Amino acid sequence: MSDEPVAPDLNSDEGSEEDDGMGEIINEFLVESYENLDQLDQNLIDLEQNPGDTNILSSIFRTIHTIKGTCGFIGFTKLESVAHVGESLLSKLRDGVLDLDPPRTSALLAMVDAIRQMLSCIEADRNEGSVDYSELVETLTRLQSEESSAEPTTTAKVEEPALAVEEAPKQEEQPAPEADPEPIKPSAEIDEDMEPIVDEFLVESYENLDKLDKDLIELEQDPGNTDILGSIFRTIHTIKGTCGFIGLHKLEKVAHVGENLLGKLRDGELALNPPRTSALLAMVDAIRQMLSCIESDRNEGDVDYSQLVVTLGKLLTDDGAKEVATQPAPATAPVAEKKEEPAVEEKPVVAEKKDRRQSSPAEQAQHVAKTGDKRAAADRRNETRSVADSSIRVDVDILDRLMNLVGELVLARNQILQFVPTGADASFIATSQHLNLVTSELQEGVMKTRMQPIGNIWSKFPRVVRDLSMAVGKKIRLEMEGKETELDKTLIEAIKDPLTHIVRNSCDHGIESPEKRAEAGKDEEGVLLLRAFHEGGQVNIEIVDDGGGIDPEKIKAKALEKEVITQEQADRMGDRELVNLIFAAGFSTAEKVTNVSGRGVGMDVVRTNIEKIGGTVDIQSRKGKGTTLRVKIPLTLAIIPALIITSGGGRYAIPQVNLLELVRLDGEEAKKSVEQIQGAPVYRLRGNLLPLIYLHEELELEKKSEDDAINIVVLHADDRQFGLVVEGISDTEEIVVKPLGEQLKGLAAFSGATIMGDGKLALILDVMGLAQKARVIAEHSEKTLAVAHSTQALAGDRQTLLIFGLEEDDRMAIPLSEVARLEEFKRSDVEQSGDQDVVQYRGEIMPLVYLRKYLDVGGVSPEADSNELMQAVVFTRNERSVGLVVRRIIDIVDENITVKRGANRAGVLGTIVVQDRVTDLLDIESIVKEADPSFLIETTELALAEEAN
Amino acid sequence: MSEEKQFCTFYLDNHFFGVAVETVQEVFRYQEMTHIPLAPPEIRGLINLRGQVITAIDLRQRLSISKLPEDKLPMNVVVRTGESVVSLLVDAIGDVLEVSEEVYERPPETIPEEVRKLVRGVYKLEGKLLLILDAEKAVNINTSVVEPASI
């Protein structure tokens with residue numbers, strides 16, 4: 001059945017994959033379908049909560065139906081067959097013949113996944129891929145026949161629109177019932193919940209109709225063109241399918257006979273002649289008319305189209321066509337006029353039709369009155385705006401360009417405003433004020449065009465939560481507040497992954513199992529709340545669970561064990577600080593690692609990603625009560641508010657996000673308040689010690705101002721506060737962020753540049769980078785072994801390096817941050833595992849890498865080395881270790897390193913000069929990977945899995 | 001077969017340099033620059049070129065030639081390499097020259113290492129030598145110690 005008759009004549013004729021026209025259709029289809037699928041996931045989950053909700057069911061049904069119809073037409077038979085069985089099952093569910101139970105939901109979700117998979121295959125390779133979905137099809141089929149006692153008539157009726165594609169050609173034998181002008185019942189008012197669907201339908205249909213008109217005219221010129229016919233057929237079919245579903249029966253009826261006629265034309269059974277074209281155009285007009293009625297009054301109007309239906313029916317046979325041709329006036333002529341002015345011309349048509357059916361004058365009058373009403377309604381509508389005119393699709397690139405231009409305009413505006421005080425001309429002042437106003441509004445307006453509701457990415461979470469809770473045997477209810485909160489498209493993309501990770505984490509680690517919850521006297525069903533809202537020019541996203549909360553003591557123990565913090569630091573930390581340690585790199589508290597989340601590279605990546613877009617993340621947890629994660633991100637990235645400060649004669653911008661407060665100390669106070677601890681300046685801010693950084697020192701600049709006063713900008717980065725001492729504080733300003741060139745990417749202290757009002761440039765300080773450089777937030781990350789931090793450290797200027805040698809007189813270095821421990825092993829402790837030398841180390845088996853052998857240094861072979869003791873540098877990740885065997889450990893130095901020479905051999909990143917000696921900087925990653933390829937896989941896999949989400 | 005190539009020429013100290021004309025976006029006079037603290041000495045600062053932020057590279061520094069006297073201001077040759085647009089600071093700007101491949105020669109081994117690294121070749125013109133600057137290499141100044149390891 002699913003071998004549709006539509007595609008072959010397109011594909012077989014062409015012989016090639018598709019022609020360009022098809023490519024466009026397919027792209028459109030992909031975009032549409034992806035959108036639909038996201039919606040579908042959400043709907044299915046909703047439906048599982050409210051199995052009886054026919055609205056949701058109908059919406060799902062419609063989506064699948066659209067996908068099926070389109071892919072049948074394009075010729076994706078596999079996709080169509082999957083969608084087809086899904087549709088059949090859905091129709092039974094919708095009609096109440098079957099009930100929705102978890103297996104059915106799962107099967108339907110599996111279907112959605114299968115469709116998505118095929119879509120991505122289509123996107124990539126233009127074919128459906130080779131995966132076999134017959135099992136899924138079988139499951140779906142079985143799930144609908146389990147209760148096959150259900151009345152077959154009901155299902156048959158519902159499936160009608162779906163099957164119409166296949167049935168169309170067959171109907172030639174019995175055209176009568178289709179064309180029968182049975183009295184069409186006045187359509188019901190549309191359900192309010194349907195409104196959005198109907199609006200969408202209207203927009204779509206209007207677009208389609210315009211195209212239809214054009215296609216039909218073209219077709220008349222070129223009657224043999226099957227491409228055009230196919231396109232027309234598809235359009236009408238879509239309209240028919242949708243309106244059948246929404247309950248617009250009159251519209252459906254008209255579209256249906258039109259579709260039958262088109263089907264025959266397409267299959268070459270009938271030829272297109274002027275009467276047929278006219279009738280089809282009349283049909284298009286009728287549809288348009290009904291659509292405008294629907295738009296204004298939410299019903300199909302009272303106009304009777306049965307005559308048109310009869311005409312179209314007659315045209316299905318050549319005999320009928322002749323008959324129609326002999327009485328041309330009623331059907332075709334008025335229709336032709338109607339085409340020019342549908343709304344106005346409609347009255348006479350109706351009257352005429354009514355006459356022909358010998359209706360009573362009273363009835364007729366009533367009709368006229370009603371049409372009058374309708375026209376009034378149409379006028380009303382014109383005052384507002386029709387649905388189709390109120391939205392257009394715009395390429396994101398155009399929006400990006402607009403955004404850049406507006407950025408430029410903002411700069412120009414700022415520049416002009418600076419001249420205003422000097423130019424005393426009143427009209428100039430007025431004009432620039434106007435410019436100021438308009439620019440601000442323009443900026444806001446353009447920004448709005450790029451805004452998207454956060455609901456767009458939330459819509460997939462119900463699915464995530466459902467699948468997860470099923471997988472781990474928990475009951476979790478997902479609630480969402482503030483779905484409509486908008487933020488910039490690029491930011492939406494950027495927070496998608498971190499948010500998904502947080503949600504998964506909350507499900508996996510946050511919410512307890514039903515048993516545990518019952519024990520604690522909580523509802524067995526855990527609640528995960530997503531809340532988004534605007535506050536202070538930022539978007540706040542909260543992920544709240546009512547789970548077990550985080551135990552600070554556990555975190556502390558774990559952190560100590562993993563050497564993320566020292567005992568001394570741990571003693572000083574408050575609960576809140578401890579809880580925030582979960583964001584530290586290389587941290588995972590899950591006692592058992594599940595396949596879901598939490599292998600130590602989770603939350604630090606989340607934080608890195610959020611901070612990358614200028615956001616912050618904070619966690620609050622109460623043991624036994626639950627955990628709240630609060631993510632704050634800016635509305636947009638391109639234009640940010642910033643504080644302008646001066647230091648060493650230069651101007652710098654500090655993003656407002658990092659700013660906490662400003663403190664100014666004058667005269668005596670300035671001298672007294674800054675105290676020193678071992679040479680490190682601190683300031684007592686309301687009783688707490690605030691470490692101070694002098695910006696001019698960090699930037700290696702000469703202090704320019706002789707002012708004794710001290711200006712402290714209190715900043716936060718990585719959850720630490722510190723004070724940045726600057727020479728002057730100017731003002732806050734909206735700045736446009738400009739990226740720095742490739743040559744300057746390595747400067748951690750700056751994140752970009754901006755153009756100031758006077759046309760000069762100012763660098764934007766990267767507060768994070770600055771803090772790391774000055775080591776105010778480095779205490780705990782220094783000991784961190786994980787990737788994120790070590791790479792950041794690498795990018796910095798100063799590094800602590802471990803210097804060692806493989807021979808008597810050579811020097812090699814690796815960053816100390818990569819080193820877990822330095823160990824000595826007895827040569828006799830070395831055992832063999834395969835061809836790998838290993839030692840037992842802390843209850844685990846640790847592979848050894850002979851660096852000398854690996855780097856092919858030559859000299860004495862490691863095995864023959866006479867030393868009884870071997871020196872090993874232990875490198876640990878994910879609780880797995882590798883020992884690098886070296887000859888001697890020389891020193892640990894803190895050095896300003898610059899690569900003097902690039903790498904010239906494997907395993908070496910480059911050559912540097914340390915303590916006036918040439919030293920090779922080792923590429924520890926590649927060495928370890930080479931030695932034990934599986935070593936890093938876990939990390940990579942997880943990272944990939946995260947990306948995929 | 002004498003193929004002709006076009007070069008935008010400029011002067012550095014007493015050397016005569018050229019860059020392939022298609023890489024040059026524009027040439028302009030000295031413009032005030034914003035100093036970048038911590039940046040290597042070759043990077044003189046940032047320039048606001050009609051709303052675009054451009055890094056200015058001191059070619060004298062880059063080629064280890066002595067500094068330009070204080071009273072002279074350098075000129076900008078804006079080159080486009082790959083994705084990035086960079087301004088090269090030079091002493092003075094010459095003509096666009098069309099030279100024949102016949103007078104081309106690889107840079108001799110004897111010229112200083114710093115210069116040879118960045119010079120693609122030499123055209124023996126009448127009375128002087130035209131050194132062809134490898135713009136891509138010239139702007140490739142890495143401020144970071146090493147590329148962040150790929151994970």
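Modeller: We will go through sheets and then helix pairs. This is a predicted model, in which local features need pLDDT of at least 70, side-chain atom pairs count only at pLDDT 80 or more, and totals for chains, interfaces and linings use all residues. Residues are numbered from 1 along each chain as its sequence is written, while chains are lettered from A and ligands numbered from 1 in the order in which they are written.

Biologist: Let's take sheets. In what order do the six strands of the open sheet in chain A run?

Modeller: Strands of a sheet pair through backbone hydrogen bonds, in a parallel or an antiparallel way. Strands (E, at least two residues) and helices (H or I, at least four) are DSSP runs numbered from the N terminus, and two strands pair if DSSP finds at least two bridges between them. Here the order is β10-β14-β15-β13-β12-β11 in chain A, with mixed pairing. The edges are β10 (659-665) and β11 (674-677) of chain A; each has a single partner strand, so one side of each has no neighbour in the sheet. From one strand to the next, the twist averages 35 degrees.

Biologist: How many bridges link β14 and β15 of chain A?

Modeller: Seven bridges, in the antiparallel sense, link β14 (residues 710-717) and β15 (residues 720-726) of chain A. To find your place, look for A:V714, which is opposite A:G723 in β15(A). Helix α30 (residues 767-774) of chain A lies across β13 (688-694), β14 and β15 of chain A, at about 105 degrees to β14(A).

Biologist: And which strands make up the open sheet of five in chain A?

Modeller: Its order is β16-β8-β9-β18-β17 in chain A, and the pairing is mixed. Strands β16 and β17 (750-755) of chain A are at the edges with a single partner each, so one side of each lacks a neighbour in the sheet. β8 (residues 639-647) pairs antiparallel with β16 (residues 728-736) of chain A over eight bridges, and β8(A) is joined by six bridges to the antiparallel β9 (residues 650-655) of chain A. A:L643 is a handy landmark: its bridge partner in β16(A) is A:T732, and A:L643 stands opposite A:I654 in β9(A). The hairpin of β8(A) and β9(A) has two residues between the strands, and A:G648 there takes a positive phi near 55 degrees. At the other end, β17(A) and β18 (residues 761-765) of chain A run antiparallel, joined by five bridges.

Biologist: Now helices. At what angle do α21 and α22 of chain A cross?

Modeller: Two packed helices are described by the angle between their axes and the distance between the axes. Axes are lines fitted to C-alpha atoms, for helices over the stretch in contact, and angles run from 0 to 180 degrees between N-to-C directions. For α21 (residues 461-472) and α22 (residues 489-510) of chain A, the axes come within 10 Å and cross at roughly 30 degrees. That makes α21(A) roughly parallel to α22(A); angles under 35 degrees count as roughly parallel, over 145 as roughly antiparallel, 65 to 115 as roughly perpendicular and the rest as oblique.

Biologist: What about α4 and α5 of chain A, parallel or antiparallel?

Modeller: The axes of α4 (residues 77-94) and α5 (residues 102-125) of chain A come within 10 Å and cross at roughly 155 degrees. α4(A) and α5(A) are therefore roughly antiparallel.

Definitions and conventions. Contact = placed C-beta atoms within 7 Å.
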